[in-house]
Each structure stands twice: as C-alpha cells, then as structure tokens.
Amino acid sequence: MSKNPIINALSASAYITLVVTVMTFVTKPLKDKPDTFFAPITMLFVLTLSVAVMAYIFFYQPILLFIEGKKKEAVSLFVKTIEIFAFITLVVLVLL
C-alpha cells in the first residue's frame, strides 16, 4: 500500500464498502430461499479474502519499513493508519 496513513485507512474503508455492497446486491434475490451448504463456505471464503486484503493494507508498508531498519517510522505509520481508520469507524457508527 501507501506510506500515507490516510490513503491506507480510506482504502480499507473502500474495500469494506465494496464487499458489503456486492454482498447486499448478490444476496437480495436469495432472501426468500433457505441457506444451503454453500452459504457458510462462501462466508469463510469472503472472510479469508478480507483478512488477506486488510493485512496487506495495514501491514505491508510498515513491515517493509521495519525490515529496512526504520522501526519508528513503521510503528508510526501503523498507529496513524489505525487511528484514522478508528476515526472513520466512529463516524460511520455516529451516522447509524
């Protein structure tokens, strides 16, 4: 990802919004149908993909910085990204 924590936090928010939007529109025609064997399998696939994407967004640049010996920069980038993402989450919760 980026060395800009705002871009990282916004990317995570955009990914979450995309997943929810796709899931909402894909499952809308299936509301009256019972869940099948594939429903929990699909959810685990989505969960695994989401964990991988979020790990990339939040950890990729900090780990690179850490490996380069820039430990303070790595921690700072990670913490700032989390803080901005927490703020975005708080805004979303307030808007509910």
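Me: Which residues of α3 do P5, I6, N8, A9, L10, A12, S13 and I16 in α1 meet?
Reply: This is a predicted model. In it, α1 brings P5, I6, N8, A9, L10, A12, S13 and I16 to the contact. Their partners in α3 are L77, K80, T81, I84, F85 and I88.

Me: How does the contact of α1 with α3 divide by class?
Reply: Side chains are sorted here into nonpolar, polar and charged.

Me: Are α1 and α3 parallel, antiparallel, perpendicular or oblique to each other?
Reply: Helix α3 covers residues 71-95. Its axis and that of α1 come within 8 Å and cross at roughly 45°. Roughly parallel needs an angle under 35 degrees, and roughly perpendicular needs 65 to 115. The two helices are therefore oblique.

Me: What is the hand of the crossing of α1 and α3?
Reply: The axes cross at roughly 45°. The crossing of α1 and α3 is right-handed.

Me: Is S13 buried or exposed?
Reply: S13 sits in helix α1. Leaving out residues up to four places away in sequence, S13 touches F85 and I88. Its relative accessible area is 14%. Buried means under 20%, so S13 is buried.

Me: Now α1 and α2. Are they roughly parallel or roughly antiparallel to each other?
Reply: Helix α1 spans residues 5-27 and helix α2 spans residues 38-67. They pack at an angle of about 165°, with axes 9 Å apart. Angles over 145 degrees count as roughly antiparallel. So α1 and α2 are roughly antiparallel.

Me: Which residues of α2 make the contact with α1?
Reply: From α1 come N8, S11, A12, Y15, I16, V19 and M23. The contact of α1 with α2 has twelve nonpolar residues, three polar and no charged. On the α2 side the residues are M43, V46, L49, S50, V53, M54, I57 and F58.

Me: Which side chains meet in a salt bridge?
Reply: Side chains of opposite charge can pair when their charged atoms come close. The cut-off is 4 Å from nitrogen to oxygen. The count comes to one salt bridge. At 3.6 Å, N to O, the pair is E68 and K70.

Me: What is the relative accessible area of K70?
Reply: K70 is in a salt bridge with E68. K70 is partly exposed, and its relative accessible area is 35%.

Terms used: Residues numbered from 1 in each chain as written. Predicted model: local features only at pLDDT ≥ 70, side-chain atom pairs only at ≥ 80, totals over all residues. Heavy atoms only, no water. Axes fitted to C-alpha atoms, helices over the stretch in contact; angles between N-to-C directions. Helix = DSSP H or I, 4+ residues; strand = E, 2+ residues; numbered from the N terminus. Contact = heavy atoms within 4.5 Å. Nonpolar A, V, L, I, M, F, W, Y, C, P; charged D, E, K, R; others polar. Left-handed = near helix turned anticlockwise from the far one by under 90°. Buried < 20%, exposed > 50% of the residue type's maximum accessible area, 1.4 Å probe, protein only.
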